[in-house]
Every structure is written in C-alpha cells, then in structure tokens.
Amino acid sequence: MGPSVTLTCSVPAAYIRIDHYGPVRVASEVTRASAQECGLTGALPHQAAVIASELARNIAKHATYGALSIHPLPLGGGLEILAADHGPGSPELERCRTDGFTTTSTLGAVSRVAATFTIETRPGTGTLVRARLALPGRRQAAHQDTGLVSLPADIGTHCADAAADANAAAVLDTGTARTADVIDGLGHGHGHEAAEAAQAAPRSFRDTAEQPLPHILTAPHRALRHTRGTAVGIARPHAERAECSGTGDVRTGTLSPHHVHRRVTGRPGIVGRRTPAPHTRHARQLLRPAGTAVVLPADGIDPQWSHTPTDFPPRPAPPLLAAAIAPTPPALRFQDDATVSTARPGQVTS
C-alpha cells in the first residue's frame, strides 16, 4: 500500500502585473476561476475574487508597481493569493489590519475574509501580503508552513497561462516527513518542450515520496528519456537538519531571519539524459538551526538572494519568503522561468 500523500500543486494558476487600475478586474476574474479549479465551492470563489480585487486595487492606488500570484496551496486544500509591491510600505502595520484606516482600509476587510492573512512591510520599500482560503473541512491547510512561487519567463502584460511554464514544484507530506522538490525543464527557447519534461517529473516524485532522496531523484530518469531532460532539486527538512539531493542547477539553502546558513548546488547531470555517477548519488546533510527554512530556487531566481538581505528584514516565514525572493516588476526581465519553493518540517505522525 502506497504512502498517504497530501495533494500538491505544481505551478501557479496565474501571475498578474499591477501598475495601474486596469488589471484589477482581470485579477478578480482570474482568481474566481482559479478558486473554482481548486475545488472551492459556495461563496469561496467570490471571496477569493474580492480578496484579489482589493489587493490589486491597493497596489494600484498606493504602490509604484507590483503583482499578484494566484495558485493552489503548496500542499493542496485551498488557494493562495500573494501580493508583492514596491511602494511606500506602511509605517503603521498594525493599523493596516483595521477597517477605516485611511490609506489601507481594504486590508482590514481582506484579513477577515481570508482563512489566514499575513503581511510584511518596510516603509519606503514595499509590502508583501499573503491571503489563503481553504476547502471546507480543510481549514488547517491554510496554516501550512510552506511557500511556492513559479513564474514563466514569457509572462504577458497582465497574466500568463502557467500551462507553458517550464518549471514545476511540489511539496509532499507522507505522515513521516515533508519533502519538497523543484524541477527545471531544460531548453531556452523551447518552452513547450521544456514544460513537457517539467510536468512529467512530478508524477514520479509523488510515486516515490517516502523513498530516500537519491531514489526519488533517479526515479524520473526513465520517464524523461524522450524529453529534453530536467534539473531537479529535492529537500527534506527535519527538526535539526535537512537532507538535500539534486542534479543540475537547482540549488538548496537553509535560511534564517538573519542570514543564509548553507548553500549547495546540484551535482552535474541531466535527469532524463545524463545522471550523476553512482558514487555521487547520496543525500547531503545540512544543519537546520531552529527557525530556519529550507529554500529551493531554480536558476531563474537571481542568486543574489542568498548573498544580500531581502527588502523585508527580518526574512519572513516560508509562505512569504518565496514571494520575497521571487522577482517582481520591473525586475521581470529574466531569461528563464523563475521558481522557488520554501518549507519547514511537517507534522510527523506515528
């Protein structure tokens, strides 16, 4: 009998740039459709649309530019809406949560509609907001200590169809451990071919979720042999350490609110084409001091994230950390898909 695996998401439903009021309606419509695709029923799709509309309107009104990322929760069970902007921030964060505050009155209403609501801000720099809605009976899903952002390189003016995303990511809870992976389909200029490889790999990941990391890493090799191949990074955070394994340029790091503790890069090779020699196929062990998160960024993420502090010190918890590391307009001039997954250990069951 296979492991009890929590449903995962692989890519974001949508990514919407906000630099004027025009995309506000787009954000509402796209989020409503995404909520329905995630299985949200009753008033929840309407609530999701209201949250997205208010967050987009807040960016258009107060920030220079920003974006919304809408996707299923990393471990399934609901929908997540991330808003990131570059603007004045809020010098009075607690008052932002209260209806009637003159400059950010919408955030108080959003915080009450959402199952969970988190905001981080830095005056003069910008604001990150995360709002989550959960399926009926799955409210605990909104409290997952995980984060995921995945951006296709060919993002359009307002919204990109993530089906062409050449990256994929997933987080799996098996009851004994939490395992996260990031898959980077190879081939600049070959979006659909790279996406084919990236979307095929998670199936093998789900089937082998309880296995040692090197086995999970090599399992997709046969399934991807007729594709362009992928780079893969896998991490499994534990109480005081983290295991990681990778092939290609997906990196793994452990990050505290104050600094990066460790960074490692995947071993040379291409999953589906050329895997590492057998003697290199073992999981690396990283110390994970209390409070640190495991971070898995693909190569579309600027490596400077690990050398310089984010604009939102102290670095936020995993759900917002992914958004803090991912690029936002006008920095969306990258040549490759940008994906980052973050996680802390899951709840272990006997």
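Mentor: Two strands count as paired if DSSP finds at least two bridges between them. Keep in mind that this is a predicted model.

Trainee: Fine. How many bridges join β8 to β9, then?

Mentor: There are 6 bridges between strand β8 (residues 178-185) and β9, and the two run antiparallel. Within β9, Ile-234 has Asp-181 standing opposite.

Trainee: And what does β9 do with β10?

Mentor: Strand β10 (residues 241-247) also pairs with β9 in the antiparallel sense, over 6 bridges. Cys-244 in β10 stands opposite Ala-235. The link from β9 to β10 is a hairpin of 3 residues.

Trainee: Why is β9 described as largely enclosed by the rest of the structure?

Mentor: Because 8 of the 8 residues of β9 (residues 230-237) are buried. Buried here means under 20% relative accessible area. Both faces are covered: Thr-230, Val-232, Ile-234 and Arg-236 are buried on one side, and Ala-231, Gly-233, Ala-235 and Pro-237 are buried on the other.

Trainee: Back up to the whole chain. What percentage of the residues is buried?

Mentor: Buried residues account for 57% of the 350 in the protein chain. The chain exposes about 14,600 Å², with carbon and sulfur atoms supplying 52% of that.

Trainee: How many helices and strands are there?

Mentor: The protein chain has 8 helices and 15 strands. Of the contacts between residues at least 6 apart in sequence, 72% join residues at least 24 apart.

Trainee: Different topic. What is the strand order in the open sheet?

Mentor: That open sheet has 5 strands in the order β6-β15-β14-β11-β12, with antiparallel pairing. Its edge strands are β6 (146-151) and β12 (260-265), each pairing on one side only. On average, neighbouring strands are turned by 15° against each other, direction ignored.

Trainee: What packs on that sheet?

Mentor: Helix α8 (residues 318-325) does, touching β6, β11, β14 (293-297) and β15. The direction of α8 makes about 25° with that of β6.

Trainee: And how many bridges hold β11 to β12?

Mentor: 5 bridges join strand β11 (residues 251-255) to β12, running antiparallel.

Trainee: Last one. Is Ser-341 buried or exposed?

Mentor: Ser-341 is buried, because its relative accessible area is 2%. Ser-341 lies in strand β15 (residues 338-343).

Trainee: Which residues does Ser-341 touch?

Mentor: Leaving out residues up to four places away in sequence, Ser-341 touches Gly-147, Leu-148, Val-171, Ala-180, Val-182, Val-294, Val-295 and Leu-296.

Note on methods. Residues numbered from 1 in each chain as written. Predicted model: local features only at pLDDT ≥ 70, side-chain atom pairs only at ≥ 80, totals over all residues. Heavy atoms only, no water. Helix = DSSP H or I, 4+ residues; strand = E, 2+ residues; numbered from the N terminus. Buried < 20%, exposed > 50% of the residue type's maximum accessible area, 1.4 Å probe, protein only. Contact = heavy atoms within 4.5 Å. Areas by Shrake-Rupley, 256 points an atom, 1.4 Å probe, with all protein chains shown as cover. Axes fitted to C-alpha atoms, helices over the stretch in contact; angles between N-to-C directions.
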